[in-house]
Structures are given as C-alpha cells and as structure tokens.
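Could you walk me through this structure in plain words? I'm new to it and would like a few landmarks to start from.

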Amino acid sequence: MSDRQQARTDLPTVLIVILLAGPVLAGLAGTFLPAFGYLPVLGFDSFSLEPFRNLLDMPGLFRSALLSLATGLAASLLSLGIVLVFAAGWSGTATFQRLSRFLSPLLSVPHAAAAIGLAFLIAPSGFLVRALSPWATGWTRPPDLLILNDPLGLSLTAGLVAKEVPFLFLMTLAALNRPHIRDYFRAGTSLGYGRMATFFKLVLPQIYPLIRLPMLAVIAYATSVVDVAVILGPTTPPPLAPRLVTWMNDPDLSLRLTASAGAVLQLVVTALALATYLMLERVLTSLLRGRLVSGRRHRRDHLTRIGGLLPMLAVIGAMAASLLVLVLWSFARSWWFPSLLPQRWDLMRITDALAMGAPALTATLALATAAAMLATALTLWLLEARSAHRAPLGSRLKVLVFLPLLLPQISFLFGLQLLFLVLDFSGSFFSVLLAHLVFVIPYAVLALSDPLARLDPRFEKAAASIGASRGRIFWQIRLPLLLRPVLVTFAVAAAVSVGQYLPTLLIGAGRIVTVTTESVALASGGDRSAAALYALLQLLIPLAGFMLAALIPAVMHRNRQAMRLQEG
C-alpha cells in the first residue's frame, strides 16, 4: 500500500477517533480534576480530597450506588437471558420471523418515551389496574400501592428490560444471519440434538463474541441511566446518576466539585458491574463446560421452549400496550378512574402540542438530521476506506469506537460541560451536536459494518475488470446495493440522537430544548396528557425515519427484483 493510499485509509479513522476520543478524554479530565478539588474558574486552585469527603457525607449515598449497580446489572442479565432463551427455542421458525417484525420497530422507541408509556401502564391509576377495576379488584379509587418509584427499583428494572431486549435481540439476530451459522444448526439436528441444545452447545459459542460488546454497552448504560431513572426509579433516595445531575444543577456552585466526585464514583459503580458480568461469564463457562461436552441430546424441550417464548411475548405486549396508552392519553381531555377509556376526547390536542412544542420539535429534528447525516457519512467513509484497502476494523479500533458506550455518560459529560463553559461554547447547537455524535457514531458503525462486510464482492470485481474506477464502483454499484442498510443506519442514528437526554440537558445548558428533555420534565409533573403528547412526538420522529428507510428502497427498486432480494 502506497503512502497516499495509507493516508486515505487513515484519514476517516483519525477523524472519527478525534470526534469520539477527544470529547471523552477531555470530559474525563474535566471530571477528575474538580473531583480532586481543582477548578480554578470557581476559585478552587489546589488539589484536595474535600469533594470526596463531602460526597461521603451525603445521606443515602451507599444506597444510591447500590441501586444503580443492582438495577442495571439485573436488567441487563434479564434482557440477555430473555433474548438467548427465545432465540434458542424459536430461531428459524415462523414464530421467530413474525416476532422479529414486532421487535425491530421497538428499537426506534426512545428510552424516555418507553418509560413514560410504561409508567402510565403500571401505575396504581394506570391502564392495567383500570382494566381489572372494579369488576375484579373492587377498587373504585386508585389503590395505595407503591408501584412506580418503588424503593427496590423493580419498576426501573422492568423499564430497562423492556427497552434493552429489542436492542440485544437485533444484535443477536444480526449474528445469527451469518451464513455459516446455519451449518451449526444442521449439524446439531443431524446429531440428534434438540433445538435448544443445538443453540446453546453449538451456535451460542460462535455468536457470543459478536454480542459481547453490545452487552457490555447495555450494562454501562443501565447502571448510569438518568431519564428512565427519573421517571420510574426510586426517589428516597434515587439512583446515583439522577442525584449527580441534581447536584450539578444546584445554585451552590461548590456542589459541582461534589458532583464530579460522584461522577468518579459512578464510573467505579459501572466498572464494578462490568467486572461482575465478566466474572459471571467466566464462572458460568467453567461450570457449564462439562454439560457442553456431555453428549446429552435434550430432545424433549417443548416446555422449555414455551417458557422462553412467554417472557418475549410479555415484553412485546408491555411495549405495545405502553404505546397504546400514550396515544390514548394524548387525545384524552378527561379520564377519571376507574374508566377503561377516556370520558372526553380532544382531537385538537396534537395541534396544540405541535404549536406549543414547535421550538423543541424543530431543535430535535435539526439535531437528529444533522447527527444522522454526519454519522452515516463518516461511518460509510470509514468502512469503505478500510474495505478498499483490505484493512478491517481491528479489535483496538472497535473498542475505541465503542468507548463512549462502555463508559457512563455522566462520568465525562460533567467534565465536557465545564470545558465548554470555560471555552464559551456551551449551550450552542454545534456543541450539543458534537455531544450527540459521540454517542451516535458507535451505533452507526454497529448498524452498517455487518451489511457492508456481507456485500457480495463479485459485483465489485466485475466492475473493476472492465476498468471502472473506485469512485464509480462505489457510487454506481456498492451504494445502490447498500441503499437500504445505509438508510436504516441513518434511521438508527436519528433515533439515538432523539433519545439523548443527558447530553442535551448538560451541554445544552437549558438553551437547547428538545422533545426528550421536555417529555422527561413533564413526566415528573401532574399533566399526563402533556407528558404523553411529548412522548408521542419523541416516538414519531424515529418511526418516520424507519418508515422512510423501508419505503425509499421499495420505490426506487420496484422494477428490480434482484435488488429487492439483495436488500431482504
């Protein structure tokens, strides 16, 4: 490879590394320095351990940290278990294909919107209690039950499971779609193994390395989540991350040092969760190695398969019911307990919400579109450059790309906020866009790398054999073949941008307001209709992106049967 070719390959890599590692490293530095007492802009110009002493004096700190660790780890393990058992029992069946069509759109539902819908579903005055009252429960008033914001974080765990199951399922589905995986299913069947035994003994060892990194990202997110914890989590005390945001926004500026020390503690909590998972992984591998080679066929697995199907149906049903309740509350003018449906409807509420929320909606669309376009273009450039010179993404580059997802957002966003404040860059559209790109680019790489790697190379070779240039091959052959994956990547990137709550809240400094920040704020109030309207707006934007990703290739390739097959 010549020096010029090497430079072309390295340029997108260097650019993406700067966009990802730069803000993360600068943010970590801006978090650690105040955590140890050094923040000259506020008059703290010497290092000390006083912020950690103040942190340890905070009431309920240990319980907050334990809540973050326990709920995040439990939700992640439950989500992975539900996905793997379902895939083991039903992969390759018509049921699996049908449920895949339901689960894929659920990925576009932002975390805050899903949490608000779930809160309206399971609350003491929620839809489930209304469906059973008064005929089954005898309740004519909402029961005095602490379902939402329960001290054990059970509703928070359920909300995280409902959102992480679709993500982990799609990662597992992408791994199962690799051609050679089918050979392992055939080998297991020919040897007389049951469906689930074939999956766990032959298939899972092959696909697990592909879903390990997404699983670690899920743990990092679940242990440090803010928006879902604000809506569904305990309040006496809340998990650690929401408490840190409160301290960071406190008028007492000295609390920023305490908040930075807390962000370091959050980093330790997340690292402990990741270490615990990796330890469990090793222990289970060691304990189950004997069973994997025992030779037992486990042919009679019908009941186990049903047991694997029920949790997945429960997740899909809960998410679908939550979205339905959001729609009902959006159009409800009055809805008194225990009526199953609203007594009065107001179809003009959507119009009113669009008028009142126009600035937030405009900012959300602008940020999502810009972030998705930049992330998709940079990812395509990176993968194409490395593919052209046969330089696939190495393990080090993958870890670097996914580094923002493996760290708790709050651990470096605090520092990034302080850095932008010092540089007078905070609260601008471009600062929030930069913060969004840090989290959007990894998902774009995750969505596009596998379709590009599976693209049939014979088309490219045939074009090169007749003298077509590299640029012409890309624009006239590879890009049309990748049209649907590129549009899906754009939709995924836009959905991730729409769901960014903490980066918008901290880096936007209150001057950039989106439907996500508004919906979380409204969810803490008493106006359910307004909260449902904003959550619905938050949901409709990503949904529109995925609909366009399906519609545009269907229209453009309506007269090209082979292209449609290639996309499917």
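Predicted model: local features only at pLDDT ≥ 70, side-chain atom pairs only at ≥ 80, totals over all residues.

Let's start with the rings. The model has 12 aromatic pairs. One of them joins F86 and F96, which are stacked, with 5.4 Å from centre to centre and 20° between the planes. This pair links distant parts of the chain, since F86 sits in helix α3 (residues 61-90) and F96 in helix α4 (residues 94-106), 10 residues apart. F86 has 0% relative accessibility, so it counts as buried. F96 is buried too, at 2%.

F86 has another ring partner, F169. Their centres are 5.9 Å apart and the planes meet at 45°, so this pair is tilted. Because F169 belongs to helix α7 (residues 154-176) and F86 to helix α3, the pair ties together parts 83 residues apart in sequence. Put together, ring pairs make a cluster of F86, F96 and F169.

F169 also turns up in the largest nonpolar core, a set of 162 residues, where the residues with the most contacts are F169, L176, F199, M312 and I441. Beyond its close sequence neighbours (within four places), I441 touches I16, L19, L20, A375, L378 and T379.

Now hop over to helix α18 (residues 409-422), where you'll find F412. With 1% relative accessibility, F412 counts as buried, because the cut-off is under 20%. Setting aside neighbours within four places in sequence, its contacts include P23, V24, G27, L28 and T31, as well as V438 and F439.

One last stop: R305 lies over the face of W90, 4.2 Å from the ring centre.

How values were computed
Residues numbered from 1 in each chain as written. Heavy atoms only, no water. Helix = DSSP H or I, 4+ residues; strand = E, 2+ residues; numbered from the N terminus. Buried < 20%, exposed > 50% of the residue type's maximum accessible area, 1.4 Å probe, protein only. Contact = heavy atoms within 4.5 Å. Core = buried A, V, L, I, M, F, W, Y, C linked by side-chain atoms within 4.5 Å. Phe/Tyr/Trp six-rings, centres within 6.5 Å; stacked < 30°, edge-to-face > 60°. Lys NZ or Arg CZ within 6 Å of the ring centre and 35° of its normal.
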